Amino acid sequence: MTSVRSESTVVGQRRPRIDGRNKVTGATRYGADLPRHDVLHARIVPSPYAHARIRSIDTSAAVTVPGVVAVLLARDLPIVGQGMARRYEPLARDEAVFVGQPLALVVAETEAAAEDAVGRV
């Protein structure tokens, strides 16, 4: 039996990528790196409790943060579904049933303003 030896110069050889140096050095620009204007940023206000009845949510301090456009609660959303299923409610309305369940949505002109407002709800 004779072994067949490949004379290929490609298989098993390192080949530098054309865009490799720019990616490694951080010089490559991606779409997410480009500044976007007239875009709003949204952040949810998560429930800190595993199970809690919602009596009220105070948004007064959050709306005073510069750049905040709105703080939305479940009652502000046009819910189209009906029934007892919670899938029709993107924000908790009467009770939170797990930690992290969205209670409110902060909409702001910048990510920083949205994050600041979340901490004030």
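In what order do the elements of the protein chain run from the N terminus on?

## Overall layout

From the N terminus on, the elements of the protein chain run α-β-β-β-β-β-α, and together they come to 2 helices and 5 strands. Helices (H or I, at least four residues) and strands (E, at least two) are DSSP runs, numbered from the N terminus. This is a predicted model, in which local features need pLDDT of at least 70 and side-chain atom pairs count only at pLDDT 80 or more, while totals for chains, interfaces and linings use all residues. Residues are numbered from 1 along each chain as its sequence is written, and side-chain values use heavy atoms, with hydrogens and water left out.

Of the 121 residues of the protein chain, 19% count as buried, where buried means under 20% relative accessible area, exposed means over 50%, and partly exposed lies in between (1.4 Å probe, protein chains only). Among the contacts in the protein chain with a separation of 6 or more, 70% are between residues 24 or more positions apart; a contact means heavy atoms within 4.5 Å.

In soluble globular proteins, nonpolar side chains tend to be buried together. A nonpolar core is a set of buried Ala, Val, Leu, Ile, Met, Phe, Trp, Tyr and Cys residues joined through side-chain atoms within 4.5 Å. The largest nonpolar core here has 13 residues, of which Val68, Val71, Val106 and Ala117 touch the most other members. At least two residues of this core are supplied by each of β3 (68-72), β5 (102-108) and α2 (111-118), and the largest share, 4 residues, comes from α2. Not counting residues up to four places away in sequence, valine 68 touches Ala62, Val63, Val106, Val107, Ala108, Ala113 and Ala117.

Within α2, the residues Ala113, Ala114, Ala117 and Val118 are buried. They lie on the same side of α2 because they cover an arc of only 135° around the axis, the arc being that of the directions from the helix axis to the C-beta atoms. The buried residues of α2 pack against β1, β3 and β5.

## Proline 46 and glutamine 101

Proline 46 is in strand β1 (residues 41-46), and because its relative accessibility is 38%, proline 46 counts as partly exposed. Leaving aside neighbours within four places in sequence, proline 46 is in contact with Gly100, Gln101 and Leu103. The C-alpha atoms of proline 46 and valine 118 are separated by 8.7 Å, although these residues are 72 residues apart along the chain.

Glutamine 101 is in the loop between β4 (95-96) and β5, yet at 7% relative accessibility glutamine 101 counts as buried. Not counting residues up to four places away in sequence, glutamine 101 touches Val45, Pro46, Ser47, Ala92, Glu95 and Ala96.

Most residues other than glycine have a negative phi. Aspartate 38, however, is a residue other than glycine with a positive phi, near 50°. Aspartate 38 is in the loop between α1 (20-25) and β1, and because its relative accessible area is 80%, aspartate 38 is exposed.
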